[in-house]
Amino acid sequence: MRLYDSLKTSSNNLTHSKMRTFLTMLGIVIGISSVILLMSIGASAEKLIIGQVQGVGSNLVFVIPGASKGSRFSAPASSQGIIIKTLTGSDVDALQRDPAIVNAAPEVRGQAKAVFGNNDTNITYIGVTENFFATRNFVVEKGQNFNDSDVNSFNRVAVIGPEIAKTLFGDFNPVGKSFRLNDISFKVSGILEQKGVGAFGVDQDNIILVPISIAQKQMLGIDYYNAISVQVSDSYASEYTKSRVFSIMRASHRITDPNKDDFTIRTQEDILSLLGSITSILTIFLTSIACISLVVGGIGIMNIMLVSVIERTREIGLRKAVGATNSDILQQFLWESVLLTFFGGFIGILFGAFLVGVVYLVLVNIIKTDWVFALPAQAIISAVVVSTFTGVLFGLYPARQAAKKNPIDALRYE
Amino acid sequence: MENKPLISVRNLEKLYYDEGGSTHALRGVSFDIHPGEFVAIMGPSGSGKSTLLHILSFLDRPTGGSYVFKGRDMDHLSDQDLALIRNKEMGFIFQSFNLLSRISVFDNVALPLIYEYDLKIEKRKKRVEQAIASVDISEKTYIEAGKLSGGQKQRVAIARALVNNPSVIFADEPTGNLDSKSGAQVMDILQSLHKEGNTIILVTHETYTAEFAHRLIHIKDGLVDSDVPIKKQRHLKEEFFK
């Protein structure tokens, strides 16, 4: 039997009972569209995260107090709420002296109540130096940022995020106005550009940046830092600078045994690969769930094909009588199930792409996130391959049943 | 008539095994059929005539004896070879027509040809149209087979049996599901096919139908009871146009 005849015969049979064909296909359509949807969501999430991590700044190495034991992804003690006081000004100075390091920006964080007129809100503030803005990619849109002389002379100035500006000042232009933070009066010198939620889940639009001197001495009463963001020069490979930062920090803390580090170093690559592996695991997990619906769809196809083989027993007998070989019959039924799953897969891809578009539009326009549209080619290719493979896998048994029929018994079948 | 037989069976046996034991459907049947013959195989039900037809038409294998078709011993042929010979050398007409009711007359008649890989589509079309014309049903070519009357269906089935220019046409009770007029018309077509030189083997339990043939093999209890020429054939014209 030629391919042309096989396809014609199979498609005739499928188009003859349209409702049955449609319902049989539906399982595959749902399975494939959910695989497409979930793989695309995974890819979008990954793109979004990469964008956010890169949005933090470029060529960054973060120094966090406290050692992280075990794998490079395990959390350092400081991030679990334990107070560690080991990061100090001398570390920043030592880092700043290295030619490979462009900037070393220390920071401290705290929570406080911000008040302006009748408006008040609890908010995260970060005490920073002038070079924090450049290092961490914080752009001042209105007004200006504060400089190191403001830091050194304990000037009570603040740069605020656009969200908190709206919460506190409403329609007023906040630049030049004063508000209170933990009962200390600050004058707003600038407003940050909108940045969205950062890679660490912090809403970067809802923060207040103040001079690190005031935050340390007047608000928190501490003399250590919570973190140092180190920006390294483009001309050095990140693994090299990472090891440079290690050796500078060890020298500064007089540590000779690497197992006794009292700090943790994270690069953007570390963070990306950590987040990447989380999204990959999630994507694999969700896609496997979607595959269950494909298996269910495949079983549906097998069931209908078995019924079809029984219904068409006499046809099989006749075809064999007029010269069809076992492999002709096998091919005919296999083509039928493959056509079912192939077109089911095709419709599933279209429907899945439609759903991906809907999710994108809803997340961007209604929920207002920075969601990225992604419809990875690998999702489409694997959908085509998997749906065709499902057809072969679940069509093979019924097709073999058909091919094995004895022509006389088949012709006599009532 | 050529000297070399088209079909030659010797001591053909068929033993069926089932739960209750075994049934000896054929107990040693021997005869030759030459090209161009019109043979009726008759017998009461259970006589083994259907079993014999199935073996002759390569749909089943005997359990004993030998069957040589066009000089080829069935014992030496694989199932694949049998399918190929059925496709190229044999035509089938069944009691219940066995048309695929959802597809057109054209596609039904073309059925044997789709398993003939080397036949060009154009040539296929021509042969199908010729076969349909030869049973005088051209105006129904693109109609779904299911919508035809019984007599028309059997004519389509005859066209299908002819389309591959077979060496032999097997007809299994071809008039069994037809009224007497349609049945007679079908037999008339078979008779004219025979006149054109086709070999026809007809299985029936009706004497009336058998009398259209030229030779009658009577099967009883799995054996050839008699094998005689029919002196005077029945003709359709005598029946209806006298």
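**Entry 1: two helices of chain A**

I began with a crossing: helix 2 of chain A passes helix 12 of chain A in a right-handed way. Right-handed here means that the near helix is turned clockwise from the far one by less than a right angle, and left-handed means anticlockwise. Before going on, I noted that this is a predicted model, where local features need pLDDT of at least 70, side-chain atom pairs count only at pLDDT 80 or more, and totals for chains, interfaces and linings use all residues. Residues are numbered from 1 along each chain as its sequence is written, while chains are lettered from A and ligands numbered from 1 in the order in which they are written.

I also noted that helices (H or I, at least four residues) and strands (E, at least two) are DSSP runs, numbered from the N terminus.

At what angle do helix 2 and helix 12 of chain A pack? I found about 155°, with the axes 10 Å apart, for helix 2 (residues 18-55) and helix 12 (residues 377-404) of chain A. The axes are lines fitted to C-alpha atoms over the stretch in contact, and angles run from 0 to 180 degrees between N-to-C directions. The two helices of chain A are therefore roughly antiparallel (over 145 degrees; under 35 is roughly parallel, 65 to 115 roughly perpendicular, the rest oblique).

Next I looked up who meets whom, with contact meaning C-beta atoms, placed from the backbone, within 7 Å. From helix 2 of chain A come A:Ile28, A:Ile32, A:Val35, A:Ile36, A:Met39 and A:Ser40, and they meet A:Ala379, A:Ala383, A:Ser387 and A:Thr390 of helix 12 of chain A.

**Entry 2: where the chains touch**

I saw that the contact takes 18 residues from chain B and 17 residues from chain A. On the chain B side, helix 2 (79-89) and helix 3 (105-114) each supply at least two residues. The largest share of that side, five residues, comes from helix 2 of chain B.

Is helix 3 of chain B enclosed or open? Nine of its 10 residues are buried, so helix 3 of chain B is largely enclosed by the rest of the structure. Buried means 20 or more other C-beta atoms within 10 Å, exposed 12 or fewer, and partly exposed in between. The buried residues of helix 3 of chain B, including B:Val105 and B:Ile114, pack against helix 1 (3-16) of chain A together with helix 2, helix 4 (121-134) and helix 5 of chain B.

**Entry 3: a pair in chain B**

I then followed helix 5 (residues 150-162) of chain B to helix 6 (residues 180-195) of chain B: the axes come within 9 Å and cross at roughly 20°. That makes these two helices of chain B roughly parallel. Their contact includes B:Gly150 and B:Ile158 of helix 5 of chain B, and B:Ser182 and B:Ile189 of helix 6 of chain B.

**Entry 4: two positive phi values**

Neither of my last two residues is a glycine: phi of A:Arg254 is near 55°, and phi of B:Glu173 is about 45°. A:Arg254 is in the loop between helix 8 (238-252) and strand 10 (263-267) of chain A. B:Glu173 is in the loop between strand 7 (168-172) and helix 6 of chain B. A:Arg254 is exposed, with 6 other C-beta atoms within 10 Å, whereas B:Glu173 has 20 C-beta neighbours inside 10 Å and counts as buried.

Terms used: Two residues are in contact if their C-beta atoms, placed from the backbone, lie within 7 Å.
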